[in-house]
Amino acid sequence: MKLKDTGLTFQDIKDKVDKYMIETYERFDFLAETAKDMYIYDENGNGYLDFYAGIAVNSAGNCNEKVVEAVKDQVGDIMHTFNYPYTIPQALLAEKVCTTIGMDKIFFQNSGTEANEAMIKMARKYGIEKYGPNRYHIVTAKQGFHGRTFGAMSATGQPGNGCQVGFGPMTYGFSYAPYNDLQAFKDACTENTIAIMVEPVQGEGGVHPATMEFMKGLREFCDENDMLLLIDEVQTGWCRTGNIMSYMNYGIKPDIVSMAKALGGGMPIGAICATEEVAKAFTPGSHGTTFGGHPVSCAAALAEVNELLDRDLAGNAKKMGDYFAAKLEKIPHVKEVRHQGLLVGVEFDDTIGGVDVKHGCLDRKLLITAIGAHIIRMIPPLIVNEEQCDKAVEIITDAVAELSK
């Protein structure tokens with residue numbers, strides 16, 4: 001829908017949002033009307049270089065032509081049905097995902113937080129049914145982030161702050177340990193622990209990749225103690241980190257893995273994949289969803305996954321991630337650059353605020369975000385090239401220079 005076709009002004013749109021919407025977002029002061037590849041355009045055709053990709057969603061580019069075509073084709077056939085009849089996009093996507101990442105079974109959701117809820121539920125049900133009524137405890141990482149529904153929010157290791165504030169008691173059965181501290185995770189486990197749940201890269205926590213020792217150690221520890229390893233790949237999955245899934249960078253395999261964001265190429269979808277044995281915990285009636293496995297979302301996801309794989313965008317993520325990080329390190333006031341593929345965090349010294357840099361970049365038509373006091377995060381579409389990375393570095397440098405005056 002274009003603004004010119006509504007008879008409204010941009011201010012009219014803003015006024016309607018202010019009047020009718022419950023706002024929990026800090027809005028950018030521009031109208032996102034159209035998008036293509038690496039750019040989002042406002043109602044006047046001004047292009048914003050997109051280094052956020054709808055929060056790691058539009059990995060094959062904004063409005064990827066094959067994804068758009070798949071959506072249009074599927075909408076004309078069947079838009080929605082309940083999950084009792086078979087549908088072609090769901091079946092084809094299930095096969096594509098499982099065979100590509102080497103997992104046995106998949107369950108479709110609508111979002112990342114729902115995928116993590118399903119992962120938690122499956123792990124608990126598996127533990128209780130196999131080992132007894134007390135085997136439901138899960139250890140997660142401090143400063144992690146797993147979503148905003150109650151189970152996922154409770155698994156998020158930020159007690160007393162962040163997304164947990166003001167919502168009362170969290171769901172019982174979680175403990176937290178420092179990220180990348182293998183011994184601390186071991187110490188946090190008890191005889192009632194059924195699983196360890198981590199992100200391979202902490203995104204909201206400041207872009208901190210897991211170490212090889214930590215991830216391999218968790219896998220070995222879980223194997224030795226009849227525990228499950230749950231990996232949250234909602235943000236890192238599907239070529240973002242230089243491999244199809246981030247856990248592949250560590251040479252390990254989870255018992256359950258969650259995914260969302262990039263999977264749908266712009267359409268809402270989430271999923272968990274599990275081993276054959278663990279997946280048996282879900283039986284008819286034990287879990288369900290109205291919109292999960294939606295035909296249009298599955299058609300879009302199948303097209304997106306094919307684009308990511310056929311164009312080797314994991315390879316481009318690794319190459320461009322290394323290139324971009326090396327350039328970013330040369331910007332004044334940069335304390336550290338952390339990245340895995342094209343999930344990139346830049347931490348500045350105490351004189352430069354991350355939110356200030358974000359707004360300075362917005363003024364210069366570059367879209368990024370900030371985490372905490374002094375960190376910016378960038379997760380561009382995986383089609384990004386050197387020229388666009390250079391442009392982003394130039395804009396960030398200008399924003400920092402203005403702030404440091």
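## Salt bridges

A search of the whole structure turns up 16 salt bridges. The model searched here is a predicted one. Side chains of opposite charge can pair when their charged atoms come close.

One of these bridges joins the side chains of E277 and K130, with 2.8 Å from N to O. This pair ties together distant parts of the chain, as E277 and K130 lie 147 residues apart. E277 belongs to helix 9 (residues 276-279). K130 belongs to helix 5 (residues 112-131). E277 has a relative accessible area of 42%, so E277 is partly exposed. K130 is partly exposed too, because its relative accessible area is 45%.

## A linked network

## Salt bridges

A search of the whole structure turns up 16 salt bridges. The model is predicted. Side chains of opposite charge can pair when their charged atoms come close.

E277 has a relative accessible area of 42%, so E277 is partly exposed. K130 is partly exposed because its relative accessible area is 45%.

## A linked network

K335, E336, R338 and E347 are joined in a network of salt bridges. R338 meets E336 through their side chains, at 2.7 Å from N to O. R338 also forms a salt bridge with E347. In that bridge the closest N and O atoms are 2.8 Å apart.

R338 has 7% relative accessibility. The cut-off for buried is under 20%, so R338 counts as buried.

## A negative patch

Charge also gathers on the surface. E386, E387, D390, E394 and D398 make up a patch of negative charge there.

E387, one of this group, lies in helix 13, which covers residues 386-403. Is E387 buried or exposed? E387 counts as exposed, because its relative accessibility is 64%. The cut-off for exposed is over 50%.

## Overall build

The protein has 13 helices and 17 strands. Its C-alpha trace spans about 60 × 55 × 45 Å along the principal axes. Of its 405 residues, 53% count as buried.

What radius of gyration does the protein have? The value is 21 Å. A compact globule of 405 residues would have a radius near 22 Å, so the protein agrees with that expectation.

## Two more places to look

D322 is a residue of helix 11, which covers residues 313-328. Its relative accessibility is 38%, so D322 counts as partly exposed.

A210 lies in a loop. The loop runs between strand 9 (208-209) and helix 8 (212-224). A210 is buried, because its relative accessible area is 7%. Which distance separates A210 from Y20? Their C-alpha atoms are separated by 42 Å. Along the chain, A210 and Y20 are 190 residues apart.

How values were computed
Residues are numbered from 1 along each chain as its sequence is written. This is a predicted model: local features need pLDDT of at least 70, side-chain atom pairs count only at pLDDT 80 or more; totals for chains, interfaces and linings use all residues. Side-chain values use heavy atoms; hydrogens and water are left out. Patches are made of residues with over 30% relative accessible area and no salt bridge: like charges are joined within 9 Å, nonpolar side chains (Val, Leu, Ile, Met, Phe, Trp, Tyr) within 5 Å. Accessible areas come from the Shrake-Rupley method with a 1.4 Å probe; for residues, only the protein chains shown count as cover. A salt bridge is a side-chain nitrogen of Lys or Arg within 4 Å of a carboxyl oxygen of Asp or Glu. Lys and Arg count as positive and Asp and Glu as negative; His and the chain ends are not counted. The place of a charge is taken as NZ of Lys, CZ of Arg, CG of Asp or CD of Glu. Helices (H or I, at least four residues) and strands (E, at least two) are DSSP runs, numbered from the N terminus. Buried means under 20% relative accessible area, exposed over 50%, partly exposed in between (1.4 Å probe, protein chains only). The radius of gyration is taken over C-alpha atoms; the globule rule is 2.2 Å times the number of residues to the power 0.38.
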